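Thanks for asking me to look over this structure with you. Here are my notes, written so that you can follow along on the screen.

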Amino acid sequence: MKILVTGGTGFIGSHTVVELQEKGFEVVIADDLSNSFIEVVDNIEKITGVKPIFEKVDLSIAEETRKLFEKHKDIFGVIHFAASKAVGESVNKPLLYYRNNINSLINVLEQMQEHDIKNFVFSSSCTVYGQPDKLPVSENAPLKKALSPYGNTKKICEDIIDDVAAASEINAIKLRYFNPIGAHESALIGEYPQGIPNNLIPYLTQTAAGIREFLSIYGNDYNTPDGTGIRDYIHVVDLAKAHVIAIERMINNKCLSKTEIFNIGTGVGYSVLDIVKSFEKVNEIKINYKIVSRRAGDIEKVWADTAYANDELGWKAERTLDDMMRSAWNWETKLRIEN
């Protein structure tokens, strides 16, 4: 079966392509390479022995999206990652996020309807919960007003998916990620943002590598044990496996409704300083960091109630925080050797 993976050369997308190919799926990657690199396709082949089909496409442009689906008429399902994803950047560039994230979704769903493709897995986010009233946060928690344009695009996209599924033959599984980090054990793929990283882990590893002078920790006055923000960090390979299980769930007609929602996290919250300490411990490297003012759009603390995903989806995160920190540094180290 052929699966279209949009944003498939990106961080989460590339790891999901690997897991799909290792389960025997044929994969088509659609990516505009705006925040990734074409070399990822070759590295996927090194891991799996199979080179995925790659199409350079800007999915926010309707005509480019139409041509993609016309070329690949045997697509069985779509996993949609393609989106701009940095919370801080979205606060400063909201129109970029609304245009890219919403238009690309609409274009993909239109072509799915046109070509009678019924299976859709959406890359959503725990940002749709805002700052939850109760922790851990379950799939039934009320969705709060988003604290960033990025978070709001995910909420809007979820609403669009619900409406389209109700009016068409499309079935959807929405995976609400918590914070994916780490890298593949081969160190052939990992998080490799273009320019200055917006996410914690690549900035941390680049600081450890001497590329950045220090790591900025945004705020130490939150209502948490050490004052820094708390998140549910999940290894990217565990997250990738959830997408394969979601597609297989659709193949086996196990979905309980037209749209389903699952939290994809570990169920454990770690502070930013917990992350730094774990990295320093497992890699025996001291991180130079500074406490700076809070960053717009950040929430105080959030971690997942994963019971529903564990029981109903049949998926569970397996890798530890130390595993995540070790794999992230192995990836960074390999990058520096090669570059």
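Predicted model: local features only at pLDDT ≥ 70, side-chain atom pairs only at ≥ 80, totals over all residues.

1. Residues are numbered from 1 along each chain as its sequence is written, and side-chain values use heavy atoms, with hydrogens and water left out.

2. Let us begin with the nonpolar cores. In soluble globular proteins, nonpolar side chains tend to be buried together. A nonpolar core here is a set of buried Ala, Val, Leu, Ile, Met, Phe, Trp, Tyr and Cys residues joined through side-chain atoms within 4.5 Å; buried means under 20% relative accessible area, exposed over 50%, and partly exposed in between (1.4 Å probe, protein chains only). The largest core has 36 residues, and L20, L175, I264 and W315 have the most contacts inside it. Among the elements that each supply at least two residues are β1 (2-6), β6 (171-177) and α8 (236-251). The most comes from α8, with eight residues. Helices (H or I, at least four residues) and strands (E, at least two) are DSSP runs, numbered from the N terminus.

3. A second, separate core of 24 residues includes L68, I117, C157 and V164.

4. Why is α7 described as largely enclosed by the rest of the structure? The reason is that seven of its nine residues are buried. They are I201, P202, L204, T205, Q206, T207 and A208. The cover over these buried residues includes β7 (179-181), β8 (215-218), α9 (272-283) and α11. Just after α7, G210 takes a positive phi of about 85°.

5. Is N43 buried or exposed? This residue of helix α2 (residues 39-48) is buried, with a relative accessible area of 16%. Apart from neighbours within four places in sequence, N43 touches L188 and I189.

6. On a 1 Å grid over the protein atoms alone, a cavity is a set of points where a 1.4 Å probe fits but cannot get out, and a pocket is an open set with protein on both sides within 12 Å along at least five of seven lines; lining residues have an atom within 4 Å of a point. Grid points are joined across faces, edges and corners, and a volume is the space filled by probe spheres set on the points. There are two cavities of 30 Å³ or more.

7. The largest cavity holds about 70 Å³ of space. Its lining includes F11, I201, P202, T205, A328 and W331, and α7 (200-208) and α11 each give two or more residues to it. The second largest cavity, of about 30 Å³, has H80, N101, F122 and C157 among its lining residues. Helix α6 (residues 149-167) gives the largest share, three residues.

8. Finally, the second largest pocket has about 220 Å³ of space. Residues lining this pocket include E19, E22, R319, D323 and R326. Its largest share, four residues, comes from α11.

Technical notes: Contact = heavy atoms within 4.5 Å.
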